[in-house]
Amino acid sequence: MNLHILRNQHLYVAVFVVQAKFELDQLTVHAEKKQLVAPGELLAEGPYFAGENTYRDGSKIYSARVGLADVIGNKLIVVPIKGAYIPRIDDIVIGRITDIGMSGWQVDICAPYPAMLPQSETPMQHGRDMGRRDLGHLFGVGDLVLAQVIAFDRTRDPLLTTKGRGLGKVTSGRVARISPAKIPRIIGKQGSMITMLKNETLTDIVPGQNGVVLAIGKNPDQERIAVEALYMIEREAHTSGLTDRVRAMILEEMKGK
Amino acid sequence: MGGQKKTAQLVDSNGLRVDGRRIDELRPIKLEVGVLDKADGSAYIEHGKNKILAAVYGPREAHPKHIALADRAVVRCRYHMAPFSTEERKSPAPSRREHELSKVIRESLEPSIMSEYFPRATIDIFIEVLQADAGTRCAGITSAALALADAGIPMKELVAGCAAGKIEGKVVLDLSDIEDKQGEADLPVALMARSNVVTLLQMDGSLTADEFNQAFEMATEACRKIYEMQREALKTKYHIVRDVEMKDEMVEAKA
């Protein structure tokens, strides 16, 4: 199956080289780059690949969600404006323990599926085998954990691990819950926004891919300001000059703190 | 055309209806997307005197677990009329009609939802009629489709709904409450405009084969017009996003 696609890719590369002089975007692509599209809108016709959030019907490719259309090579994608968090392997997430089982914990990661953190995926504690009571000592119900997704597919709920640098129970800081689609805006282009936030609020900011963001500072005021800044970014993610306005808000709040 | 005989009970004279509309004229429609903060997606529609709120939650965990499907999301729909939506207070308990409309609306929206993306989850659709004036199931479908899109749920396309009917022997578009109550037939239709697939088709009353074809044509044409309005509503809600993205890119290019 993969080989088949590769073969076609080579074919198309040859075709595109010949047509390099033409405005490829005009040929059979109907959507402009960054055009706002709705479900069912025609994006392109012909030998293009239907990328994420698009689908193919016959020779045409349509958008499946509300978002911004983009063309990457010969692949059409739609970057959605809104959507639930669907876990991906290797994502760093912040979740809340909701239940303790025989061999692990159930974690709410704000996704359509509850996640599992097995005891075997926590760092070894003196090599001991833990019973249920001891599991509660490690993470209790209601605790927040910083974890990484190690497994997820259509047939089962996501699996987490806390074996990793910096992972484990969250012991201090404040948490903001924002839409997962806005996390890239929190981070900013090449980390510009998140670096600014860290520097101006003097907190360490850990964004979870599931939309939960942790801010750890030396005092509660810094953390509160950081969280306010995060919610401000979520509200105004679609406006320009946001970085400067958020910085101004933070500086105003930080006076005398 | 009308104008002959009858007096007080007229719903049609000189080609105009009680509310001044022509035979093939839609009632005014207003659409707004994203009106409820807490819902994952929402939309509000005013179709004539109908005022309807649609809210979508999902995809979310299936509760109770046993209703979950292994390969796709379960779509649930609740159509409900508020007690104050009609002149005579409507009891808040779900009536047999609401039960049927919930099912029928769900079946009209399901073909457009790409539920295979979310196995073992649920997508819940709520349609609350705040003011009713005939055609609520169609307006409910129109607003629910927008709410689903607003929630970021992958869909093949938007579904739009509109009804046609027969009053005083004439086939007309988009019945109002008086016309529905006194008319001879009511034909609600929902259509996926791009793929030309009808997802809702019901009939109440009697139509000849010719009249049916006429009414069906009228209703589907109206659905296409409503689909354009749905697209406009979505673009109005989100157009600023694109402008900012473009500006960010230009700033980057200069840097």
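Where in chain A is the place of A:Gln190? The answer is the loop between helix H4 (183–187) and H5 of chain A. Keep in mind that this is a predicted model.

A:Gln190 is worth a look for its backbone: phi is positive, at about 55°, although the residue is not a glycine.

Chain B has a couple of cis peptide bonds to check as well. One runs from B:Gly58 to B:Pro59, with omega near -5°, and B:Pro59 lies in strand S5 of chain B. Another runs from B:His63 to B:Pro64, with omega near 0°. B:Pro64 is in the loop between S5 and strand S6 (74–81) of chain B.

## Two helices side by side in chain A

Two packed helices are described by the angle between their axes and the distance between the axes. For helix H5 (residues 192–201) and helix H7 (residues 242–254) of chain A, the axes come within 10 Å and cross at roughly 10°. Anything under 35 degrees counts as roughly parallel, so H5(A) and H7(A) are roughly parallel to each other.

Which residues do the touching in H5(A) and H7(A)? On the H5(A) side they are A:Met193, A:Met196, A:Leu197, A:Glu200 and A:Thr201. Facing them from H7(A) are A:Leu242, A:Thr243, A:Val246, A:Arg247, A:Ile250, A:Leu251 and A:Met254. Sorted by class, the contact of H5(A) with H7(A) has eight nonpolar, two polar and two charged residues.

## Where chain B meets chain A

Now for the interface: 41 residues of chain B are in contact with 36 residues of chain A. The area buried between the two chains is about 3300 Å², and carbon and sulfur atoms give 56% of it.

On the polar side of things, the count between chain B and chain A is 17 residue pairs in polar contact, both residues being at pLDDT 80 or more. Which elements of chain B each supply at least two residues of the side that touches chain A? They are strand S5 (50–61), helix H2 (136–150) and helix H4 (209–254). H4(B) gives the largest share, 16 residues. By class, the side of chain B that touches chain A divides into 20 nonpolar, three polar and 18 charged residues.

## Salt bridges

Side chains of opposite charge can pair when their charged atoms come close. Over all chains, a search of the whole structure finds 37 salt bridges, and five salt bridges are found across the interface of chain B and chain A. For a pair linking the two chains, take B:Arg231 and A:Glu41, whose side chains meet in a salt bridge at 3.7 Å, N to O.

Within chain A, A:Arg224 forms a salt bridge with A:Glu228, and their closest N and O atoms are 2.8 Å apart. How far apart are A:Arg224 and A:Glu228 along helix H6 (residues 220–235) of chain A? They are four residues apart, so about one helical turn separates them.

Key
Residues numbered from 1 in each chain as written. Chains lettered and ligands numbered in written order. Predicted model: local features only at pLDDT ≥ 70, side-chain atom pairs only at ≥ 80, totals over all residues. Heavy atoms only, no water. Axes fitted to C-alpha atoms, helices over the stretch in contact; angles between N-to-C directions. Parallel < 35°, antiparallel > 145°, perpendicular 65-115°, else oblique. Contact = heavy atoms within 4.5 Å. Nonpolar A, V, L, I, M, F, W, Y, C, P; charged D, E, K, R; others polar. Buried area = accessible area lost by both parts, 1.4 Å probe. Salt bridge = Lys/Arg side-chain N within 4 Å of Asp/Glu carboxyl O. Polar contact = N/O pair within 3.5 Å; in protein donor to acceptor, adjacent residues only side chain to side chain.
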